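Let's walk through this structure together, starting with its aromatic rings and moving on to cores, strands and confidence.

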Amino acid sequence: MVAVKDAAAMGDAEKRKKAAAAEKPERHVTSAEMARHSTEGDLWVAVQGKVYDVTAWLPRHPGGDLPLLSLAGQDVTDAFVAYHPPSAWRVLDRYRVATLSDYSVSDVSRDYRRLVADFARAGLFDRKGHGCAVSLCAMAALLAAAVYLVLATASVAAHMAAAVMLGFLWMQSGFLGHDSGHYVVMRSRGLNRAVQVLAGNCVTGISIAWWKRTHNTHHIACNSLDHDPDVQHMPLFAVSPRLFDSLTSAFYRRVMRFDAAARLLVSYQHWTFYPVMCVARVNLFAQSLLLLLADTRARVPGRLAELAGVAVFWVWYPWLVSRLPGGAGERAAFVLLSFAVTGIQHVQFCLNHFSVGTYVGRPRGDDWFQKQTRGTLDVACPPWMDWFHGGLQFQVEHHLFPRLPRCHLRRVAPVVRQLCKKHGLHYDSCGFWEANARTLRTLRDAAMQARAVAAAGGAVPKNLVWEAVNTHG
């Protein structure tokens, strides 16, 4: 009886608290006032004209702290509706502190939000198809076949075929990990997390936590030279001469120095691009381990599970390589071939962004649609090649609707193209080989300018071969 009375009293107190809050005069702030709250210790954002103090939520944000810090002090409505399901609105309510007095919506944003609502009503965000099941079955078959060829045959050709299979296995694992990081591909979040660790950490040796931290930042700051880690590859590559100014990376928290070594490497980047992509996986291994073992500032949910998954990879893959009977030469060829095949995927990632628009500075919340379309490139292909690209060939659509399952991207592409046409925005698309050519031209143009800088400063040693290459590229 006492417990019932206590519960009733608590309920009455809660009602009085809500009533008092309702009677309290609503606070109004301007965009300029909100912009002053843009630090890690004081972070406000606005969604549909309502202002929220999300400072306390920052460490617990499922998408990580960097997306919020990138858009701090701004209206983030378009990014919010792109990334969050309807259930996220309930979380926001508890952090509301004011109303934005000068809130306005551009015509592009209004149409974009209407499109998101239309897709939601059509159930496109909920109908995920059978892509996950098909991918898991394909991955299991590729792994089983590769293990069989290594253990049951003595043929070098069969062993190299196994390496190729592992390369394609890692590609499909990458696509599945990408999907599961954007939306729940399984029936529950628990199963989704299990698939992430299994397909990512255990099978590929790459931390899904590292990938999500990097990839979420990339989406928010698409092609920002100092905020997007996916276009920050100094000293090996520079997609724009503006990187020659030794910009500071907001993601890596360090200066990307354009020193003598960088000038030399960038000067040849259009030649080294494909060779580096063949072994780019090594960098992903290193980045994963650095996050899990050395980065104490970053919050990594399930760090122990992440480490355990990566450890599984470093048990089974070296063991499989050790079973090759041909000695060090065959084993080195096996590793390099498996890495080179999955290097195709690394090239695919670069094709979508290297040859399109870049900018310097923080992303802005009021030009979400424009920045996403300007910084992405679709790779046109027939439907029967969708497996090869894993949905990433519809990069414009994916960046605008990251929660949309890949099975719907081809369907919505004409709608997005029409919306871009309506607002006079560039919708960039070309074939796979043309995308490669455009990427190489971008790298070559920057390389020629890097050589000019080097020649002016005398930082790169010259000889007759270098002079010939410097002249003709």
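Rings of Phe, Tyr and Trp (its six-membered ring) pair if their centres lie within 6.5 Å; planes under 30 degrees apart count as stacked, over 60 as edge-to-face and the rest as tilted. With that in hand, look for Trp170, Phe285, Phe313, Trp314, Trp316, Tyr317 and Phe339, which form one aromatic cluster. Before going further, keep in mind that this is a predicted model, where local features need pLDDT of at least 70, side-chain atom pairs count only at pLDDT 80 or more, and totals for chains, interfaces and linings use all residues. Residues are numbered from 1 along each chain as its sequence is written, and side-chain values use heavy atoms, with hydrogens and water left out.

The count of aromatic pairs comes to 27. One of them joins Tyr112 and Phe401, a tilted pair with 5.6 Å centre to centre and 35° between the planes. This pair links distant parts of the chain, 289 residues apart: Tyr112 lies in helix H6, and Phe401 in the loop between H18 and H19. (Helices, H or I with at least four residues, and strands, E with at least two, are DSSP runs numbered from the N terminus.) Compare Phe273 and Tyr274, whose ring centres are 5.0 Å apart with planes at 65°, so this pair is edge-to-face. Phe273 counts as buried because its relative accessibility is 0%, while Tyr274, at 32%, counts as partly exposed. Here buried means under 20% relative accessible area, exposed over 50%, and partly exposed in between (1.4 Å probe, protein chains only).

Back at Tyr112 and Phe401, both residues are buried. They are also the residues with the most contacts inside the largest nonpolar core, which has 41 residues. Such a core is a set of buried Ala, Val, Leu, Ile, Met, Phe, Trp, Tyr and Cys residues joined through side-chain atoms within 4.5 Å. Among the elements giving two or more residues to this core are strand E3 (42–47), helix H6 (107–121) and helix H19 (409–422). H19 provides the largest share, six residues. Which residues does Tyr112 contact, leaving aside its neighbours within four places in sequence? They are Asp78, Val81, Ala82, Trp368, Phe369, Leu400, Phe401 and Leu419, where contact means heavy atoms within 4.5 Å. A second, separate core of 38 residues includes Ala162, Ala163, Trp170 and Leu324.

Five of its six residues are buried, so E3 is largely enclosed by the rest of the structure. Two strands pair if DSSP finds at least two bridges between them. E2 (residues 38–39) runs antiparallel to E3, joined by two bridges, and Ser38 stands opposite Leu43. E3 also pairs with E4 in the antiparallel sense, over four bridges. In the hairpin of E3 and E4, two residues lie between the strands, and Gln48 takes a positive phi near 50°. Three bridges then join E4 (residues 50–53) to E5 in an antiparallel arrangement, whereas E1 (residues 28–29) runs parallel to E5 (residues 96–100), with two bridges.

Finally, how far does the confidence reach? The chain averages a pLDDT of 89, and 91% of the residues score at least 70; pLDDT is the predictor's confidence in each residue, from 0 to 100. Confidence is highest in helix H12 (residues 269–278), at a mean of 97, and lowest in helix H21 (residues 464–472), at 45. Over residues 1–10, pLDDT stays under 50 and the model has zero contacts beyond four places in sequence.
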